[in-house]
Amino acid sequence: MRLLRPFRSLLIGLLAASLCPAQPDPAREKRLGWWREARFGMFIHWGLYAVPAGEWKGKPIAGIGEWIMNRAKIPVREYELLAGQFNPVKFNADEWVRLAKEAGQKYIVITSKHHDGFAMFGSQVSPYNIVSATPFKRDVMKELSAACQKQGIKLCFYYSQSQDWHHPDGLGNTWDYDDSKKNFPKYLNELVKPHVREILTNYGPIGLIWFDTPQRITRAQSQELADLVHSIQPDCLVSGRIGNEVGDYQSMGDNQIPARVMSYDWESPVTLNDTWGFKKDDHNWKSTRTLIHQLVDIASKNGNYLLNVGPTAEGVIPQPSADRLREVGQWIQVNGEAVYGAQPSPYPYEFEWGSITAKPGKLYLHLTEWPKRDFMLYGLKSKVTSARLLAQPGTPLKFAQIQDRTARLNVLRITLPSAAPDKDVSVVALELAGKPVVDTGLAQQPDGKVSLSPIFAEVGKASSNSAISIDNRGVATRWFNPEDKLSWKFRLYRGGTFRVVLVSSESRGAAGGDNWEGGHQVTVTAGGQSVTGAINDGDRRPNARNPRWRDVYSEIGRVSLRTQGMVDLTVKAESIAAAKKMGFTLREVQLVKAQDPPAPPAKKRRR
Ligand code: FHN
């Protein structure tokens with residue numbers, strides 16, 4: 001049948017559009033330039049909630065500090081009185097910015113208005129702001145803007161565009177205002193847009209606006225807001241949480257780090273302890289080691305690390321935060337070359353020993369574990385021309401590259417000094433002849449282990465009702481249907497007997513406590529052999545990349561895989577316990593080499 005000419009060209013156009021990847025938008029690419037180079041920023045949650053600091057009328061209020069108004073259902077008229085007590089006499093913009101600089105952070109994102117609706121900047125739109133309503137009267141954002149410009153840091157603003165528990169038409173406050181009577185567009189037009197105009201007009205160049213929790217906002221409303229930002233400051237980025245995919249980059253869930261390299265630009269907001277806004281009884285600080293691991297891991301997956309501090313009502317960044325940030329900064333002084341402007345790892349998957357970042361002609365191996373013997377990397381096909389530790393740049397490292405054509409395996413072996421030069425993460429810089437070329441397929445690692453994340457699995461849904469999905473961290477969740485399966489293919493280099501370990505994960509919703517469900521019977525079939533066993537509690541371990549949710553380890557049996565080559569592996573549940581409505585969560589399948597017979601005494605290593 002002949003198509004009429006206009007229809008034919010429409011069809012061809014649609015086909016072409018679906019085949020060609022979307023062209024990058026040049027304006028957006030320009031905006032993202034500094035942000036991709038920065039890789040590390042400081043998040044600051046500061047507002048009236050720092051006054052109660054997690055306690056209301058003598059009682060501790062559970063949850064994150066900046067949510068106290070909502071959690072304790074504090075009436076607007078009572079919460080407003082906190083403004084009269086907000087007098088941060090120790091606030092010093094230069095000191096805060098200096099701390100960010102010392103930490104190696106390149107941008108600061110500060111709450112200009114959080115969900116409590118209080119503007120932390122001088123505003124003509126509403127008197128509910130730091131200049132008009134507090135005894136402090138100073139516009140802290142003016143001071144921060146001057147300090148940032150002086151010290152060469154990008155100033156950025158957080159702005160809560162949907163939730164506003166103070167405004168009768170903003171979202172979230174259902175204890176003072178009837179939700180069904182809210183006129184959300186009125187709130188957007190009369191408060192949000194004029195506020196956004198102010199923060200983009202009165203504080204010099206702004207790096208980005210970090211919108212958050214895009215509830216009830218339509219695509220048109222998100223787009224209007226993004227257009228407003230770009231019409232005032234074309235170079236200002238808009239965070240993904242503006243909603244409806246109109247942001248300039250994507251935001252991961254809070255404290256979540258994905259399990260693979262992402263092809264798009266993304267950022268993870270992370271807390272130093274558990275809260276964002278200051279809480280006097282939250283002392284659950286992440287170690288400096290964890291922070292550096294997260295920084296390099298995020299960079300290796302194409303992301304930015306936005307690390308939060310919650311200053312006190314006096315205007316002081318808590319000492320444990322400042323100490324850790326300075327320690328991260330000391331590490332960056334030595335190893336920053338491997339972080340700033342770093343491109344992601346050429347391998348899509350994670351390594352247990354650390355992370356990889358890249359630059360043209362270079363790969364950086366971030367070793368979070370110092371190897372007992374030589375360090376080995378599988379799958380790198382490019383020729384390495386030199387290797388050195390960033391902490392000892394004057395001392396070239398010995399290395400060798402071997403190619404085993406039968407096993408289709410490339411091995412890089414690097415001889416390292418017996419002790420790590422850095423306390424937390426040591427970085428080996430490799431120079432390559434040309435671009436990094438690697439085997440990107442899932443494969444056994446030099447220690448004999450095979451680790452398979454659901455993020456790389458083929459998901460076999462038994463029915464259209466199956467709810468199983470893979471979350472931001474790469475964890476298979478909502479697995480309630482025992483007929484659902486996950487399957488992988490991986491390359492085995494050395495056969496043997498393997499322990500089959502299933503790594504389950506605490507759930508995303510909460511940290512600690514009752515957020516995990518076990519008791520499922522699960523079958524793993526690898527290379528044609530099946531083992532069935534139970535997912536049991538009892539072995540919970542911290543997860544180095546996502547410490548907020550612990551891993552739960554269950555060994556369900558052993559398989560013997562003798563032949564080199566590609567192996568199929570499938571996980572299928574026989575029965576799922578779902579009484580707590582969490583079901584089976586799977587973060588990783590591991591095949592761990594069962595103990596080989598004792599090796600002959602090791603020869604002394606030559607150095
Ligand atoms: O509800 C907020 C929360 O208070 C905090 O601001 C975080 C930071 O990413 N964002 C929201 C929850 O995702």
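In what order do the 5 strands of the open sheet stand?

## Model and conventions

This is a predicted model: local features need pLDDT of at least 70, side-chain atom pairs count only at pLDDT 80 or more, and totals for chains, interfaces and linings use all residues. Residues are numbered from 1 along each chain as its sequence is written, and side-chain values use heavy atoms, with hydrogens and water left out.

## The open sheet

The order is β11-β12-β18-β14-β15, with antiparallel pairing. Strands (E, at least two residues) and helices (H or I, at least four) are DSSP runs, numbered from the N terminus. Two strands pair if DSSP finds at least two bridges between them.

β11 (354–359) and β15 (392–396) stand at the edges, and each has a single partner strand, so one side of each lacks a neighbour in the sheet. Neighbouring strands are turned by 30 degrees against each other on average, direction ignored. Axes are lines fitted to C-alpha atoms, for helices over the stretch in contact; angles run from 0 to 180 degrees between N-to-C directions.

Within the sheet, β12 (residues 362–367) and β18 (residues 426–432) pair over 6 bridges, in the antiparallel sense. L365 stands opposite V428 in β18.

## The packed helix

Helix α10 (residues 288–300) packs on this sheet and touches β11 and β12. Contact means heavy atoms within 4.5 Å. The direction of α10 makes about 50 degrees with that of β11.

## Pairings of β29

Strand β29 (residues 565–575) pairs with β23 (residues 485–492) over 8 bridges, antiparallel. Here K489 has D568 as its bridge partner.

β29 is also joined to β25 (residues 521–526) by 6 bridges, again antiparallel. T523 stands opposite K572 in β29.
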